[in-house]
Structure formats: C-alpha cells, structure tokens
Amino acid sequence: MSMLSLRDITVRFEPKGKPPVLALDDVSLDVANDTFSVIVGPSGCGKSTLLRLVAGLETPTSGRLELDGQPINGPSADRGMVFQSYTLFPWLTVRENVMFGPKLKGLSKSECEDIADDLIKAVHLDGFEKSYPKELSGGMRQRVALARALANDPRILLMDEPFGALDSQTRQMMQELLLDVWQSRRKTVLFITHDIDEAIFLGDEVHVMSARPGLIKQSLDINIPRPRHIDALTSPEFMDYKRTILSLMHDEAIKAEDAANQRKSA
Ligand SMILES: Nc1ncnc2c1ncn2[C@@H]1O[C@H](COP(=O)(O)OP(=O)(O)OP(=O)(O)O)[C@@H](O)[C@H]1O
C-alpha cells in the first residue's frame with residue numbers, strides 16, 4: 001500500500017523583486033509502506049523543496065499531498081527529519097537530545113530513558129550518552145540525529161543529504177548503519193542525495209529528477225538482494241544501474257548548465 005502520495009505537485013516561488021521560480025512541475029510520486037525510496041537529481045532541481053513539502057514546511061502551489069490518506073497540512077512528529085547540517089541541541093547531552101521528542105509527547109522519564117538508551121545502542125553510541133554534540137565527530141552527530149528522529153517513532157523518516165558533509169569512509173559506514181537500523185525497525189524512508197552510488201546502495205526505488213523545473217524523470221526498482229554490503233558496490237548489477245542513472249543525470253546536468261548560461265546572458 002502506498003502510504004505517501006504526491007499527485008501533480010507544482011511549487012512556484014515568487015520572491016519579491018525577482019522573477020518567479022518554478023521549482024517543481026507536476027510531480028507525482030508514491031512511496032510504499034516500509035520501503036526505502038531515494039531521490040537523486042542535479043543541484044537546484046527541487047529535491048529539498050520536495051522533502052520540505054512532505055515535512056509540511058512548505059505548501060504546494062497546486063496538487064495533492066497525502067500521508068496515510070490524510071492531507072499534509074503542516075509539520076508533525078509522524079515525519080522525522082534528518083538534515084545535512086547538524087541540527088542537535090548543543091546545550092543537551094546525547095541522551096537528552098534523543099529524549100527530547102518523547103519528553104515533548106509527555107512520556108514518563110523512565111519511558112523516555114528506555115527509548116533513548118535503546119536507540120543510542122542501535123546507532124552504536126553507547127558510552128557517549130553524557131557527551132555533548134561538540135565533543136563528537138560529524139558521523140557521530142549524524143547518528144545522534146538519526147536516533148533523535150527515530151525516538152518519535154515517525155511514520156516516515158525524511159533525510160535530506162544527511163551524509164553529504166562526511167568523508168567517504170564515514171559515509172559508507174553510515175549507509176550500512178542506516179540500512180541495519182532500517183531493516184531491524186522497518187521504517188519508511190524518503191532519502192535525498194546527489195550521490196548515485198549512495199542512491200543505488202540504499203534504495204528499493206530510485207527516482208531520478210530532471211533539471212529545473214523539477215519533475216520525476218524516471219523511477220527504477222533496485223533489485224539488489226538485502227542485506228547489502230560494501231561488495232554490492234562492485235557487482236555487475238550495481239554497475240548496470242549506475243550506468244542508467246549516470247546517463248539520465250548527464251542529460252540533466254547539460255540541461256541545467258544550458259539554463260544557467262541562458263539566465264546569465266538574459
Ligand atoms: N523560498 C524560496 N524562494 C525562492 N526560490 C527558492 C526558494 N526555495 C528554493 N528556491 C529555488 O527553487 C529551486 C529548487 O531548490 P531546492 O533547494 O529544492 O533544490 P535542490 O535540488 O535541493 O538543490 P541542491 O541539490 O543544490 O540542494 C532552486 O532554484 C532554488 O533557488
């Protein structure tokens with residue numbers, strides 16, 4: 001069953017004193033329960049706008065947006081967000097950061113502690129409960145951000161380039177950890193990235209977006225068996241998917257470049 005449904009979504013920004021921007025043009029997308037969906041696309045194609053819509057932080061100019069058959073009208077704890085930039089509360093410890101959502105929901109202190117300790121273990125941060133974000137590496141902070149998002153037990157996890165600022169080794173480790181957590185907790189994930197390898201490695205489905213105005217150019221089912229490990233990256237089937245997506249993205253990168261040049265010369 002499709003739990004998230006976007007129908008004919010258009011987003012047009014009208015910044016004051018500047019020409020309007022058609023960020024998304026007639027985007028339709030379905031995300032099924034418990035699946036891992038990834039969106040890849042060139043810079044500026046509207047990926048973050050799409051995720052912000054689902055988060056309820058942006059409203060569409062036209063189109064329909066539903067979660068479990070209900071229209072999305074604003075932010076809610078049933079949609080957990082993880083961004084690229086570290087969004088932890090710097091004045092709270094790791095444990096307090098993870099407990100924040102459950103506490104806000106009104107759960108008892110011991111329930112909050114149980115949820116936090118369970119998730120801190122799941123992201124391999126036991127021993128760091130009392131550390132503050134500034135004492136942690138980038139990868140560790142993103143693990144706390146993941147635990148914090150999961151602590152609300154959201155219906156869907158929305159991830160906007162969460163590993164974009166990490167070095168490639170940490171990034172690979174984070175991808176494996178995310179798949180472990182996803183597989184053991186069966187969550188629905190909508191994940192945004194520039195990185196084609198990351199998209200194929202993680203996704204059940206990869207949606208390739210076109211250059212602005214953004215629309216879904218092609219959706220691919222990734223039939224690589226799970227659990228996936230690093231050796232999946234060099235398998236022939238992985239290379240086939242990569243070739244297909246690279247060629248779709250290459251066309252889009254050229255279009256984006258042409259559009260930018262036209263704007264410059266206009
Ligand atoms: N609030 C806004 N007002 C005006 N234009 C906006 C606004 N938000 C986004 N845009 C424009 O809409 C387009 C899509 O932006 P968005 O951030 O969604 O793209 P993106 O694919 O996530 O880009 P990147 O990969 O570079 O982060 C861009 O041209 C951006 O400049």
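**A walk through the predicted protein**

Of the 14 residues around the ligand, those that come nearest are Phe13, Ala23, Ser43, Ser48 and Thr49; a residue counts as near when its C-beta atom, placed from the backbone, lies within 6 Å of the molecule. Two or more residues of this shell are given by each of strand 2 (21-32) and helix 1 (47-55). Helix 1 gives the most, with 3 residues. By class, the shell has 5 nonpolar, 7 polar and 2 charged residues. Here Ala, Val, Leu, Ile, Met, Phe, Trp, Tyr, Cys and Pro are nonpolar, Asp, Glu, Lys and Arg are charged, and the others, Gly among them, are polar.

The model is predicted: local features need pLDDT of at least 70, side-chain atom pairs count only at pLDDT 80 or more, and totals for chains, interfaces and linings use all residues. Residues are numbered from 1 along each chain as its sequence is written.

The protein has 7 helices and 10 strands. These are DSSP runs numbered from the N terminus, with at least four residues (H or I) for a helix and at least two (E) for a strand. The radius of gyration is 19 Å, close to the 18 Å that the globule rule gives for 266 residues, so the protein is as compact as a globular protein of that length. This radius is taken over C-alpha atoms, and the rule is 2.2 Å times the number of residues to the power 0.38. Along the principal axes, the C-alpha atoms fill a box of roughly 60 × 45 × 40 Å.

The domain assignment, which comes from an automatic or database source, gives domain 1 (1-78 + 165-258) and domain 2 (88-153). Their contact takes 10 residues from domain 1 and 12 residues from domain 2; two residues are in contact if their C-beta atoms, placed from the backbone, lie within 7 Å. The side of domain 1 that touches domain 2 has 8 nonpolar, 1 polar and 1 charged residues. The C-alpha centres of the two domains lie 26 Å apart.

Is Val208 buried or exposed? Val208 counts as buried because it has 24 C-beta neighbours inside 10 Å. The cut-offs are 20 or more other C-beta atoms within 10 Å for buried, 12 or fewer for exposed, and partly exposed in between, with C-beta atoms placed from the backbone. Val208 lies in strand 9 (residues 205-209). Leaving aside neighbours within four places in sequence, its contacts include Val40, Gly41 and Ile245. Val208 and Val40 are 168 residues apart in sequence, yet their C-alpha atoms are 5.0 Å apart in space.

Some loops hold backbone features to look for. Asp34, in the loop between strand 2 and strand 3 (36-40), has a positive phi near 65° although it is a residue other than glycine. Asp34 is partly exposed, with 15 other C-beta atoms within 10 Å. Arg186 also has a positive phi, about 45°, and is not a glycine. The loop between helix 5 (168-185) and strand 8 holds Arg186, which is exposed, with 9 other C-beta atoms within 10 Å. In the loop between strand 10 (216-221) and helix 7 (236-265) is Pro227. A cis peptide bond, with omega about -5°, joins Arg226 and Pro227.
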